[in-house]
Every structure is written in C-alpha cells, then in structure tokens.
Amino acid sequence: MTGKELLLRALADRGVQTIFGYTGGAIMPVFDQMDKLGHFRFIMSRHEQGAAFMAQGLSRASLSTANPQVGVCMATSGPGAMNLVTGIADAYMDSVPMVAITGQVATGVIATDAFQESDVVGVMMPISKQTYMPLFVDEIEQTVHEAFYVATTGRGGPVVLDIPKDVQNVQVDKDYHFDTAAFRPALPGFYYHPTPAREPLQKAVELINRSERPVIFCGHGVINSNAGQLLQQFAEKVNIPVAFTLHGLSALPLDHPLSLGMMGMHGTVEANRAIMEADLLISFGMRFDDRVTGKLSEYAQNADVIHVEIDPSEIGKNVQPTVAINADVYRTLHVLVSDPMLAGKPRRRWRQRIAEAREVMAADLRREIDKGVGDDGALLMKTIIDRLSKLTGGRDLIVSDVGQHQMMAARFYNYQTPNSWFASGGAGTMGCSLPMAIGVKLARPDERVWSINGDGGFQMNMQELGTIMEQGTDLKIMILNNGYLGMVRQWQTLFFDGRYAGTPMQSPDFGQVASAYSIPYRKVTELAEVEPAIQEAIDHQGAIMLEFVCDPSEVILPMIPAGGGFNDMIIKRPKAKKEKS
Amino acid sequence: MKRRAILAFMLDRPGVLQKVSMLIRKKMYNVDTLTVCNSRKEGISRMTITLREDDEEKVQQILSQLEKFTEVVSVKELDTDHSYWREAAIIKVEADDEHLESFRKDYTFEILDHKSDEIHIIQIAGSTRRIDAFVKALGEEHIIEIARTGVTALEK
Ligand SMILES: Cc1ncc(C[n+]2csc(CCOP(=O)(O)OP(=O)(O)O)c2C)c(N)n1
Ligand SMILES: [Mg+2]
C-alpha cells in the first residue's frame with residue numbers, strides 16, 4: 001500500500017465519512033485515491049477557508065448526535081494551506097476538534113523555496129493543538145490516529161497533518177503492519193483528568209449550600225460534554241440562576257425560569273448584575289475571557305469562584321478560583337447532582353434582586369421589538385430575530401456570522417434545542433457562517449439550519465453559495481443588510497463621536513447573486529413582510545436567501561465597553577449625534 | 001525581577017524547542033538562558049529555561065501552558081534554595097601566566113590550551129554570579145572571547 005492509501009484507510013477507521021477540501025499539486029495523489037476509493041463524500045469548497053469552517057460545522061453540530069464526527073479538511077501546499085489558517089486559528093480559539101490535512105512539496109525539495117512551498121508546520125504551530133509532518137510512509141497511519149486522539153481528547157482543538165507529496169506515493173514495506181485496535185499513542189505527558197477529585201467537590205458543595213447570592217455559569221464545556229440536561233437538573237435542584245457564555249447558549253432552554261441569558265459585554269442586565277453582586281460563581285467549562293469579565297480588577301469582587309474546567313491551564317489564568325475542579329463537566333455534574341449533601345434554598349432576596357434586574361431593560365426592549373423599525377423606517381435586527389424565533393418555536397439551528405446581527409441572534413432567539421447555536425466566539429471571524437452552516441446541515445440533515453449574516457461578513461465567504469448549489473444544501477440564508485460594518489459602526493457611534501471611518505459598505509444586488517446560483521431570493525423592506533418571508537423560507541424545500549433592509553443606527557444594548565466594568569454598562573442609546581450616512 | 005528556573009522533560013520530537021520558545025515569546029518574556037540535553041530516558045529531552053518574573057501566578061501560567069503541550073512529560077519550577085543552578089564558560093584570555101595564576105586561590109578553573117605565552121583558553125564552571133565575578137576579576141581588557149553555556153539545574 002502507498003502513503004495515500006494508508007492515510008485514507010486511517011481516516012475511514014476513524015469514522016470519517018465526509019472530507020471538505022480543495023485540490024492542488026501537492027495533494028492530488030490523495031484526491032485521486034479518494035476518488036478511486038469512493039468511500040468518502042467529498043465536498044469541494046470554493047475557498048480553503050470555507051472547507052475549514054465546513055469541517056468545524058460538522059464537528060460542532062455532530063457532537064451532540066449519536067454519530068459524533070471530527071471534521072476533516074484538505075488542501076494543497078503553499079497558498080492552499082495558508083488559506084486554511086483563519087479557519088484553524090478559529091477552531092483553536094473555540095476548542096473545536098478538527099483535522100486539517102495539507103499536501104507539502106516533496107521531501108527532496110523541502111526548504112529550497114520550491115514552487116508552492118510554505119512552512120506549514122511553522123505557521124500552524126501556534127494556532128493548532130498539534131502539528132505533524134510524517135516523513136516516512138510507515139508513520140502515516142499512526143500519525144493520523146494520534147492526530148484524532150489529540151484533537152478529541154480533553155479540550156478539543158484542531159490538528160494539522162502536513163504530508164509531503166512523495167510520501168503520499170511511496171509504497172510501504174511488505175511486512176508493514178498496523179494494528180488499529182491495539183494502537184495507543186505514546187504520549188507520556190499528554191493526560192487529562194476527566195474525573196473530579198473528591199475533596200474540591202466537597203468544598204464546592206459546602207460553598208454552594210452556604211451561598212446567599214450564587215450564580216451558575218454555563219460555558220462551552222457544557223455543550224462539548226453534552227451536559228446541558230445535567231446542568232439544568234443541578235440548577236433546579238439547588239435553585240440557582242444560570243448565566244451563559246456566548247458558547248454556552250442552547251445548552252438548556254434560554255427561557256428557563258432560572259435562565260439569566262447571556263453574560264458579558266453584550267450580556268443581559270440581569271446576568272451581569274447578578275454576577276457583580278454574587279457571593280458565589282459556579283462556573284462550568286469556560287475560561288473567563290475578557291469579553292466575559294470586562295475589567296478584571298472590578299470583576300465579581302465579593303464572590304467565591306468554583307471553576308470546573310477540563311483544561312488545567314485555564315484554571316487561575318484570569319480569575320483565581322476558590323475551588324478548582326480540573327475535570328470533565330459532564331462527570332462533575334453527574335457526581336454533583338447526586339451528592340446527598342447538596343441542598344436547595346429559597347434565597348428569596350436574591351431572587352427578588354434578580355427579578356428587579358430583569359425589568360431594567362425589559363420594557364424598552366419589548367417596545368423596540370414591537371415597533372420593529374428604526375426612525376427612518378428600516379427594519380430592526382432584534383425584531384427579525386424575535387420573529388424568526390417565534391415562527392420556528394426556537395427549535396431550529398442557528399449559525400451566525402460576526403457582528404451586531406450575531407449578538408442579536410445570541411440574545412433574541414429563544415434556544416430550545418440542545419447544541420443549536422453555532423458561532424465564532426474566541427476569534428470572532430467574519431465570514432464563518434455560510435460555510436459553517438454547510439457543515440452543520442450535513443451533521444444534522446433533519447433539522448432546519450439558518451445562516452444569519454451581516455452584509456459585510458456575508459461577502460467574505462459568499463463564494464460558498466457555489467458549494468450550496470452544487471451540494472443542494474437546504475440552508476435558510478439570511479442577510480441582515482444595514483449597509484455598514486455595523487458592530488464597528490456601533491463603537492464609532494459610542495466612542496468615536498459618530499465618525500464612520502471605513503464602515504459604510506456598498507453591496508452587490510444580492511438578488512442577482514442568489515439567482516446566479518439558482519437560489520430563490522426575497523428582499524424584505526417592510527415590517528409586515530418579515531413574517532411571511534420567514535414563513536416562506538420555512539416552507540420552501542431547499543436553499544433560499546432572505547435579505548432584510550435594516551436600520552444602520554440600531555445598537556445592541558446593553559454593552560459594557562471593552563476594558564470596562566459592570567458600572568460602565570450602557571443601557572440607553574446616547575442621543576444620536578448628527579450621523580452622516 | 002526574580003530569576004526563575006523552569007525544568008521540563010519532553011519528547012525529543014521535531015519542533016518542540018520551537019514550540020517552547022514560541023510560548024515564551026507569546027507570553028512576552030525574554031528567555032535569559034535555555035539549555036537542552038538528553039535525559040537518561042531515551043527519546044526524552046531535558047530542558048532548563050531561566051527567565052525573570054516576580055508574579056507567581058504568571059509563572060504558574062507558563063508552567064501549565066508548557067504542561068499542556070502533548071510532547072511535554074513534566075514541568076516544574078526549581079527554586080534556588082532547593083536546587084543547584086550552574087553554568088560553564090570557556091574563555092579566551094590574553095594575560096601572562098602570573099596574572100592567571102593569581103586567581104587560583106579564589107577560583108577553580110582549568111587551562112585547556114596555551115595558544116602562546118600570552119593567550120590561554122580556560123574553562124570554568126559555577127553559578128552565574130560566580131562566573132560573572134571571575135570575568136570581572138580577570139578584567140574585560142584581558143578577555144578576547146567568552147562562551148557561556150547558560151544555566152542548567154538540578155534539584156537537591
Ligand atoms: C475577518 C474579520 N475582519 C474584521 C473583523 C472586525 N469586525 C467585527 S464585527 C465587524 C462588522 C461586521 O459587519 P457586518 O457583517 O455587516 O455585520 P453587522 O455588524 O452589520 O451586523 C467587523 C468589521 C472581524 N471580526 N473579522
Ligand atoms: Mg452590516
């Protein structure tokens with residue numbers, strides 16, 4: 001057998017069914033073999049970045065299904081590999097397991113600046129969990145297995161395999177033998193602690209029982225370990241409210257009576273105020289990043305912190321915990337829920353305090369959503385998301401791009417389905433939504449998938465409409481077109497005296513773009529058309545694109561400015577300065 | 001700032017050194033010294049890194065991030081009270097025998113080579129401070145070239 005055959009055999013052994021990618025000189029042998037084999041479903045992206053996000057979508061969406069998949073993307077050397085970089089860095093930030101395979105120039109010419117040679121390992125090293133460059137054909141299979149092991153063990157992440165072209169073609173020795181079932185990676189230093197230690201757990205229970213003003217944090221780790229239901233049980237048992245990180249959303253229903261909604265920069269008043277006043281934070285699977293904490297010196301000053309996290313290097317990185325539990329979230333919750341010492345308390349004053357916080361913006365938001373349009377009559381994003389939520393019962397899968405529309409989708413869609421919210425969080429990569437949604441749809445073909453985009457981000461990867469057309473992917477594509485890079489514009493409104501440098505944006509006629517790809521299209525300018533258009537998309541079989549003409553001056557509030565604390569929270573839009581349009 | 005020594009054992013795989021130094025760069029430190037050698041176990045390297053940091057939590061961060069690398073088997077900080085930190089130096093000096101011999105009573109060094117009556121190559125090992133003192137005592141004007149290994153360390 002040759003290197004390429006061993007590679008594909010190992011991928012098949014690992015349960016890979018779909019490969020996203022784009023060919024080129026240094027990866028051609030593998031593509032050729034893949035085609036001959038006919039075992040894999042190959043999905044050609046229109047740009048390698050698209051393939052990386054598709055692979056992410058598959059990994060993210062399938063982890064809660066009976067058939068969890070590790071997304072695999074392939075690209076050629078040099079420019080092909082470099083086009084994967086953004087998608088890999090994004091997966092690394094968001095702990096998404098994935099395997100990227102790149103062709104490399106032949107070993108004989110490596111380091112001669114050969115045609116399409118880039119130092120892929122050198123570039124990928126700081127943005128991936130691990131990189132490999134097998135130089136001998138008999139290393140390939142074991143490398144692939146180790147790569148999958150590393151990508152999926154403990155905190156997930158992307159792994160890169162850079163395989164020189166000649167190694168793909170070389171015949172392995174006749175007596176080569178690889179025993180997949182018996183394979184164990186030889187990584188003496190790579191271990192993780194899935195099981196919580198008893199002592200800190202006991203201490204945690206004591207703190208929980210004693211607390212008067214506790215808040216539970218639901219982070220990405222809850223989704224990644226499929227622990228949403230357990231978290232809900234736990235919260236109900238101890239009667240403690242739950243705040244979500246961006247990636248913790250959809251772990252349990254967002255309208256659960258104990259839910260405080262999202263925390264952090266664009267989090268709800270109730271979540272952020274509860275955190276500020278809390279005497280105990282019980283955090284599951286999250287890393288206290290700056291969008292969550294704001295100014296660290298002012299963050300939750302009177303609170304003890306219980307930090308449950310699979311990655312020990314996250315514990316104590318930004319916030320020093322009172323009790324550190326380095327373990328898998330699911331296993332910890334499993335033990336915690338059934339702890340006989342764990343007790344619920346009414347905590348009436350705390351509930352009262354939170355109920356008050358819920359009212360701070362509620363009426364304003366309700367009024368805005370009901371009004372549905374801005375001063376100049378253009379649609380409000382929050383209203384569109386609210387209507388989408390109502391018409392779909394909050395049960396659909398939402399794949400958002402990055403910007404104001406993302407925060408609107410995080411805040412105003414009423415998530416009911418576990419693991420139904422997908423977005424780029426740590427990296428905040430514009431353009432992720434369309435390709436990621438393709439991967440999500442593949443993983444969950446029986447669910448409806450919405451790709452929600454801004455006019456800016458959509459144009460970063462809209463070439464993937466070609467993939468959607470070719471694959472016949474049934475995606476509901478929304479463009480919330482406010483004619484601006486809206487999120488940056490919002491900062492300009494709030495912090496740059498309304499000077500809109502580099503944010504007004506001209507877009508193509510999206511109707512013509514859609515029709516070029518034979519995708520039906522509706523443009524919505526009136527409030528009354530919003531629901532019928534969404535309903536049409538729901539009823540339509542296959543891809544459809546809806547463009548909503550949105551009010552550029554809409555802002556997403558509340559907002560805690562970068563580096564600020566809870567007391568800097570902006571809850572009212574400042575009187576509009578003269579806005580040039 | 002306080003000088004720290006970090007001792008790490010890691011798989012001898014390509015790129016490990018680059019990873020370690022990239023991490024330290026990412027955390028915005030300048031490495032003071034970095035030494036690597038084989039350990040007694042085949043395929044496992046032993047690395048000693050020294051850098052400067054006062055904040056215990058920041059050092060802990062570096063340790064846990066290093067530990068996270070799949071290749072890293074173990075990491076710990078060595079403190080000066082419970083470990084020996086030593087380096088070696090090879091020095092080409094221009095001095096007459098008499099000048100050199102005058103240091104014998106305070107320093108232990110070995111003469112590797114007499115290039116001529118005036119030029120000697122000598123070798124000395126000891127703590128960083130000790131070598132600094134020796135270099136100072138010799139006198140900069142006598143030194144043609146100096147090669148120092150950087151710190152390696154061992155727990156008591
Ligand atoms: C690749 C990339 N470039 C730049 C940014 C910075 N950025 C964050 S949000 C944003 C504006 C997004 O505009 P649009 O897609 O129209 O969405 P809107 O905010 O208007 O809803 C920009 C430029 C980014 N996050 N990602
Ligand atoms: Mg926009």
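1. H12(A) contributes the most to the lining of the largest cavity, with four residues. Helices are DSSP runs (H or I) of at least four residues, strands (E) are runs of at least two, and both are numbered from the N terminus. The elements that give two or more residues to this lining are helix H11 (269-277) and helix H12 (290-293) of chain A.

2. This is a predicted model, in which local features need pLDDT of at least 70 and side-chain atom pairs count only at pLDDT 80 or more, while totals for chains, interfaces and linings use all residues. Residues are numbered from 1 along each chain as its sequence is written, chains are lettered from A and ligands numbered from 1 in the order in which they are written, and side-chain values use heavy atoms, with hydrogens and water left out.

3. The largest cavity has a volume of about 180 Å³. A cavity is a set of points on a 1 Å grid over the protein atoms alone where a 1.4 Å probe fits but cannot get out; a pocket is an open set with protein on both sides within 12 Å along at least five of seven lines; lining residues have an atom within 4 Å of a point. Grid points are joined across faces, edges and corners, and a volume is the space filled by probe spheres set on the points.

4. The lining of the largest cavity comprises 21 residues, and Val292(A), Thr293(A), Tyr299(A), Ile560(A) and Phe566(A) lie nearest its centre. By class, 10 are nonpolar, seven polar and four charged. Here Ala, Val, Leu, Ile, Met, Phe, Trp, Tyr, Cys and Pro count as nonpolar, Asp, Glu, Lys and Arg as charged, and the others, Gly among them, as polar.

5. The second largest pocket holds about 1100 Å³ of space. Of its 44 lining residues, Arg155(A), Asp311(A), Ser64(B), Gln65(B) and Lys68(B) lie nearest the centre. H2(B) gives the most to this lining, with seven residues.

6. Where the chains meet, 16 residues of chain B are in contact (heavy atoms within 4.5 Å) with 19 residues of chain A. Arg13(B), Lys68(B) and Thr70(B) supply 35% of the area that chain B buries against chain A, more than any other three residues. Buried area is the accessible area (1.4 Å probe) that two parts lose on being put together, summed over both.

7. The interface of chain B and chain A has two salt bridges (a side-chain nitrogen of Lys or Arg within 4 Å of a carboxyl oxygen of Asp or Glu). Glu146(A) forms a salt bridge with Arg13(B), with the closest N and O atoms 2.9 Å apart.
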